[in-house]
2 protein chains.
Amino acid sequence: MFPHIFRYEISPHISVYLECKGVLHSSQSRFQKIEVVESLDFGRMLVLDGVINLTERDEFVYHEMLVHVPLFSHPDPLKILIVGGGDGGTAREVLKHEEIDRIRQVEIDREVIAVSKKYFPSLGIALDHPKVNVLLTDAIQYVREIEETFDIILVDSTDPVIEQSEGLFSVPFYRDCLNALTEQGILAAQVGDISFETNLVSAVFNKLKEVFPVVRIYLAPIPSYTLVPYSFAFCSKTIHPEMGLGLSRFGGSFQTRYYNPQIHQAAFVLPEHLRKEFEK
Amino acid sequence: MFPHIFRYEISPHISVYLECKGVLHSSQSRFQKIEVVESLDFGRMLVLDGVINLTERDEFVYHEMLVHVPLFSHPDPLKILIVGGGDGGTAREVLKHEEIDRIRQVEIDREVIAVSKKYFPSLGIALDHPKVNVLLTDAIQYVREIEETFDIILVDSTDPVIEQSEGLFSVPFYRDCLNALTEQGILAAQVGDISFETNLVSAVFNKLKEVFPVVRIYLAPIPSYTLVPYSFAFCSKTIHPEMGLGLSRFGGSFQTRYYNPQIHQAAFVLPEHLRKEFEK
């Protein structure tokens, strides 16, 4: 009945099979293969080099947690840098924070932006907002050379296993980010699957610890990525997330589907076996 | 290379495929088909009527959360009733609480106990402990007729979709449990997949609300069950889990791999879209 099957690997011995209605788009950009697949239970999915980048069903969890955790930890975030994030979901969430002044977004692949605007318009449209300034260039080189500073840097990249993103999970890149942060600045990044790719997550965590005084792991379930809560990193010079320095701005007309101030705190609580490894 | 595949359904359109080395045991008891399957990434798995009941990889999450959340919410739990739980994992965790006086366990299927003792000895052995008294009978009838009371009732059943467990997710059974609880008594139960079976979880939640003054949902990731954190119910006459009335007993030689006092609190924090539905 639904002959298309999309398969993604959790580990070499575990795969998830999704029934799909079909492939809406398939192209090869200068950087990657870009597909849009219509699945039954996850809705439309953006697939980059065969890996699910986002789905209509659960992208809100990923984008809200990547954005609101650092922004509501900061007393007064004005200037935001988004690394990657060509689909526009991260910018959409940042724009909910009315106090921000401007967003600089550095995306290497213009075709991801075009595909998102066509197939995920509620995400892609954020990139047309007057506060958003998109640069089509390599983020690694960009942060190496910039002289301005940001209150928040959001690393919304593909996974570190993909060659073009490897540089975004390296000590030199993190050092450049640290230099591009204000004194109260915060970097947040997606890190990976803490249960089925523990070694990968540990490696990224240790690189971040080499550079940032404060490094904390936080978790949120993103079923189209993996079977267990997915991990993010919160990094800063001085601010700890539990301080919740911006939480008084939450409420009123601020709309979320996953994030709330209790989730802000609970996301940093690690299971005992992970606490021993990641809170040393 | 590993020709055996074990498949489990997350939804009608999503399945997980596990590579397995083989089937170690297969039998049909009076009540259900019992299999033990050796998988590569989840280790040994107990499979009842085709559904994964526990795996070596993640049973600790399920058993610790079913047991320690209610027990550490109670100021002085002495008498414990376990409904189901023939594998022994729940009893194993209860026995870590040295203050408990005795465990009454009511399991309908003696063959589950025998299979667990053979293939999962570190779980099954708990049932031989002198504090544990196993009754091989129908728990629904048992709670209808008992006159004694318990401090804690743990419903460690198979899913409500399976015919023989349906009665364990019914208002009459919950009323009988309420009557069998002391004034400070707590019932905890596994409820289901809150994201891919929301209607089922809502139905169970509403039945519990008909009976218990306090009903709270809490979450923990059990990847061999589903893609998102799995849900449990905490029910009582007066006690709320956040009070943590027994948490001062945690620490010292009390060993856990998932549970800790911070998890105790964080597990009750629901994402915004679930909070609206389950904290009304």
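**Exercise 1. The core**

How many residues has the largest nonpolar core, and which have the most contacts inside it?

*Solution.* Note that the model is predicted. The largest nonpolar core has 175 residues. Those with the most contacts inside it are Ile153(A), Ala233(A), Ile153(B) and Ala233(B). Now take Ile153(A). Set aside its neighbours within four places in sequence. Ile153(A) is then in contact with Leu81(A), Val83(A), Cys177(A), Ala180(A), Leu181(A) and Leu187(A).

**Exercise 2. A sheet in chain A**

Find the strand order of the open sheet of seven strands in chain A, and its edge strands.

*Solution.* Start with the order: S8-S7-S6-S9-S10-S12-S11. The pairing is mixed. Strand S8 (132–136) and strand S11 (214–220) are the edge strands, since each pairs on one side only. On average, neighbouring strands are turned by 20 degrees against each other, direction ignored. Next, pick one pair. S9 (residues 150–156) and S10 (residues 181–193) of chain A run parallel, with five bridges. Within S10(A), Ala188(A) stands opposite Leu154(A).

**Exercise 3. Where the chains meet**

Describe the side of chain A that touches chain B.

*Solution.* Count first: chain A gives 29 residues to the contact, and chain B gives 29 residues. Then list the elements of chain A that give two or more residues: strand S2 (14–28), helix H8 (261–266) and helix H9 (272–278). S2(A) gives the most, with six residues. By type, this side of chain A has 16 nonpolar, eight polar and five charged residues. Finally, look at the strands. S2(A) pairs with strand S2 (residues 14–28) of chain B in the antiparallel sense, over five bridges. Tyr17(A) has Ser15(B), in S2(B), as its bridge partner.

Technical notes:
Residues numbered from 1 in each chain as written. Chains lettered and ligands numbered in written order. Predicted model: local features only at pLDDT ≥ 70, side-chain atom pairs only at ≥ 80, totals over all residues. Core = buried A, V, L, I, M, F, W, Y, C linked by C-beta atoms within 7 Å. Buried ≥ 20, exposed ≤ 12 C-beta atoms within 10 Å, placed from the backbone. Contact = placed C-beta atoms within 7 Å. Pairing = 2+ DSSP bridges. Helix = DSSP H or I, 4+ residues; strand = E, 2+ residues; numbered from the N terminus. Axes fitted to C-alpha atoms, helices over the stretch in contact; angles between N-to-C directions. Nonpolar A, V, L, I, M, F, W, Y, C, P; charged D, E, K, R; others polar.
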